[in-house]
Amino acid sequence: MSDLFRVENLSKSFGGLAVSRDISLSMPAGERLALIGPNGAGKTTFVNLVTGQLKPSAGRVLLNGEDVTQLGAVRRVRKGLVRTFQVTRLFSDLTPEEHVTLTVLQRQRKATRILSRFHGSSHVADEVHGILGTLGLHEVARRKVGQIAYGQQRLLEIAIALALKPKVLLLDEPAAGVPSADTPRIEQALERLPPSLAVLMIEHDMDLVFRFAKRVVVLAAGEIIFEGLPSEVAADPKVREAYLGNYAHARSVA
Amino acid sequence: MRTILSIAIDALAFGMVLFIICIGLSLTMGLMRVVNLAHGAFAMIAGYIASYAARDLGLGYAAAIFLAITGTIVISIPLERFLYRRIYGSSELTQVLMTIGLTFCVIGITNYFMGPTLKTIPLPQALSQPVDVGFRTIAAHRLFVIACGAAVAVGLWYLIERTSFGIKLRATVDNSAMSDALGVRTQVVYAISFAIAIGLAALGGVVGAEFLPIEPYYALRYMVTFLVVVSVGGAGSIPGALIACLVLGLVDTTGRYLMPDFGNFFFYAAVILIVCLFPRGFLGRAQ
Amino acid sequence: MHIMAQAGTVSAMSKAKSHHWWRDVAGIALIAAFGAAGYWLFPDNLALLTRIVAVALLVLSIDLVVGYCGVATLGQAALFGAGAYAAGIACVNGVTEPMTLIAIGAVAGAAAGLLMGGIMLRAHGLAQLVLSIAIVQLFHEAANKASAYTGGSDGLAGLMVSPLFGVFEFDLWGRTAYLMGLTLLLLVFIALKFVVASPFGMLCRGIKQDPVRIRAMGSFVFPVLLKMFVISGAVAGAGGALAAISTQVVGLDSVSFELSANALVMLVLGGLGTLYGALIGTVIFMGFEHMVSAINPFHWMTMVGALLIAVVLAAPGGLSSLVERISASRGGKS
């Protein structure tokens, strides 16, 4: 198989509690996959396992046929396996321009240089402004991140990820917390992602999922319970049970 | 054999002095998340009060200890209310700097009122004699200190694990917003815990004056020792603090007996080794 | 439309760049002017001024680690002392050329920084702080114990430094030492301004705020911080060597917890993460210390303590941020 990205039998347990059970999935280049599931299904844990923030108890992660399970988070990023964060993790006193410049320099292995200027290279500046322009962030490029809107911060998360020139991109709830007036901008950004990129998106906003994804995977209690077309998800009995059953059993949730 | 035994008794007594003083700091750091470098300053204040009570007022040892503990707690109450309450939840650097500032102030002010000389706290007759334990004699004061340490350990364990105050304290530590919502008055819990911690520092300062003499730079001189002991033990853990005090007391005392030229060398070498092996201390809680 | 927006940001970028450039040149000129003013105004206190310059290097080195990397340390004097002792020992053994001695101090400080960073960066938070203290105490005990080389508690005395560039004698009034120190400080300051403005400096600022994010950008954290420790060690070591050369003696106090803590206090008084704050804090702290502790050292402690509490509670950005805030509010009004 020429899958760009493969996860084989990935499992993780904390103590005796299994949070990911035997997850397998694969994505070719250009894939648009949505990973959905009720709260606590283990979606973010899955991203953490795949990107190397957590060590799996069992299973393998393969990128371009290469086993990267033993590599740390940094090495996986360098190989093209890139994520965004569910809650934005940005540097509040830096500007979007500085964020993306730092990322581009890092990708070129120039970020640890002492004997060069941060804004020195015009090639880097061009690339940075290209990325910021694509995402519609050029107007706020020089404002401190702490002073720009939350929707723009979410876009900056994507800009940073793109600046790493990823092969596989994991978007952890790119629209979470964004006011509904701003979601079209996020959606637009998602549409403009490079076509060859394999994208896995975790998202709660089903409208966004249906418009974006070609394929949907549903995770419940750490297990994949459905894999197929977006149009089939709602009709699947197991998915209904996982979502609605959750509410039927819910008692203590406020 | 004799040497080994006397080293062991001294090490145990010194370890217990460290424990009585440090367990209070361990509680403030582990439970209230405040790096209180001024902890030793409170032990020093207690030492001065006890010395004043015993020598200038002519009170007995027990009365001096009582007066020192209450006096120190009374002094600490406004400090908790107006200074510490503002740094709960701040970064470690902020807490370290403010409490170093407080330590400087305490040193300066104490010296202004009490003078720069070393203060002694005269021991009562009963404690200054050696006690025959059958095969040899041991200084009664050493035994007294060891007993105090054991009593503090048991008492604190009982307080935290077996009383309703202990339940409130642990709940507040785990989730102060939730405890607040459940009707626990968290400010009061913090204030009481702080007072207990300071009271223990005071007790340790007075009964430990034979090991750590009372002088104006006391607060600065032992600041590092106390902080180090707590982080080696793991902040917030009573058994951890006990193990740390006994291990470091043993390392330090043995080093001083056998190789006095090296000073604190072994103490700090042991600290680096332990902290590298156990970054959270012997029995620290996962953060 | 798109192109125009880009052109707009580019011109804004060059504007901002030149703005910073002028600010730094003005700042450095101001430091030089203050240094020269000190030379003319206090000709009898040049020894003190040289001491201030040496400690300023130490405080700058702490700013690199604390202010730019967010690694709290109470043991930086270990690096200062390493430089001081290395220069002192080299001098006693016949290397007497002052610039060489400074270089030796910087190298020794950098080596000590490598060691200290290698140990400290294994831990986080409080454990890290405790390790820094333990390391400086260990250095202190080692210097005390190795009295054959360091003079132990008596200090390493009798450093005979040859004239600077073979021409300028180290005179009794300390003119040569002060001017050399001031020049060194200016050069180091300019170099550090470049370091913190480099990609590496920006990476450190990122690590300070969120190491997880930096890793997700594909950069390792440990080697970057270790590199900053080495640079910081070189700066502190040069400061130590300057202190050794100018006083012709190296004491155990140059590698003490007290000096580390005081230097951190100076930095916090001045303000973290600007480099200017380090200089302002050092000058204010040591200037007042000189005046007040001449009257009574304990009054000095009370005063520093009160000031520290006030800064932490009222002006967490340090005194330099107060100045900035005041000038900003004035600028807003006009």
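**View 1. Helix 4 of chain B is largely enclosed by the rest of the structure, because 17 of its 23 residues are buried.** Buried here means that 20 or more other C-beta atoms, placed from the backbone, lie within 10 Å of the residue's own. Helices are DSSP runs of H or I with at least four residues, numbered from the N terminus. This is a predicted model, in which local features need pLDDT of at least 70 and side-chain atom pairs pLDDT 80 or more, while totals for chains, interfaces and linings use all residues. Residues are numbered from 1 along each chain as its sequence is written, and chains are lettered from A and ligands numbered from 1 in the order in which they are written. At 1.5 Å a residue, helix 4 of chain B (residues 92–114) should span 33 Å, and its end C-alpha atoms are 32 Å apart, which agrees; the expected span is 1.5 Å times one less than the number of residues. After helix 4 of chain B comes B:Gly115, with a positive phi near 85 degrees.

**View 2. Chains B and C make the most contacts among the two pairs of chains that touch.** Two residues are in contact if their C-beta atoms, placed from the backbone, lie within 7 Å. Chain B puts 37 residues into this contact and chain C 33. On the side of chain B that touches chain C, two or more residues come from each of helix 4, helix 11 (223–233) and helix 13 (265–277) of chain B. Helix 4 of chain B gives the most, with 17 residues.

**View 3. Chain C touches chain A through 29 residues, which meet 30 residues of chain A.** At least two residues each of the chain C side are supplied by helix 1 (2–41), helix 7 (175–197), helix 8 (199–209), helix 9 (211–216) and helix 10 (222–247) of chain C. Helix 1 of chain C has the largest share, eight residues. Chain A and chain B, by comparison, are joined by no contact, and their closest C-alpha atoms lie 14 Å apart.

**View 4. Helix 3 (residues 96–107) and helix 4 (residues 122–134) of chain A pack at an angle of about 120 degrees, with axes 9 Å apart.** This makes the two helices of chain A oblique to each other, the class left for angles that are not under 35 degrees (roughly parallel), over 145 (roughly antiparallel) or 65 to 115 (roughly perpendicular). Contributors to the contact include A:Val100 and A:Val104 of helix 3 of chain A, and A:Val128 and A:Ile131 of helix 4 of chain A.

Methods
A residue is buried if 20 or more other C-beta atoms lie within 10 Å of its own, exposed if 12 or fewer, and partly exposed in between; C-beta atoms are placed from the backbone. Axes are lines fitted to C-alpha atoms, for helices over the stretch in contact, and angles run from 0 to 180 degrees between N-to-C directions.
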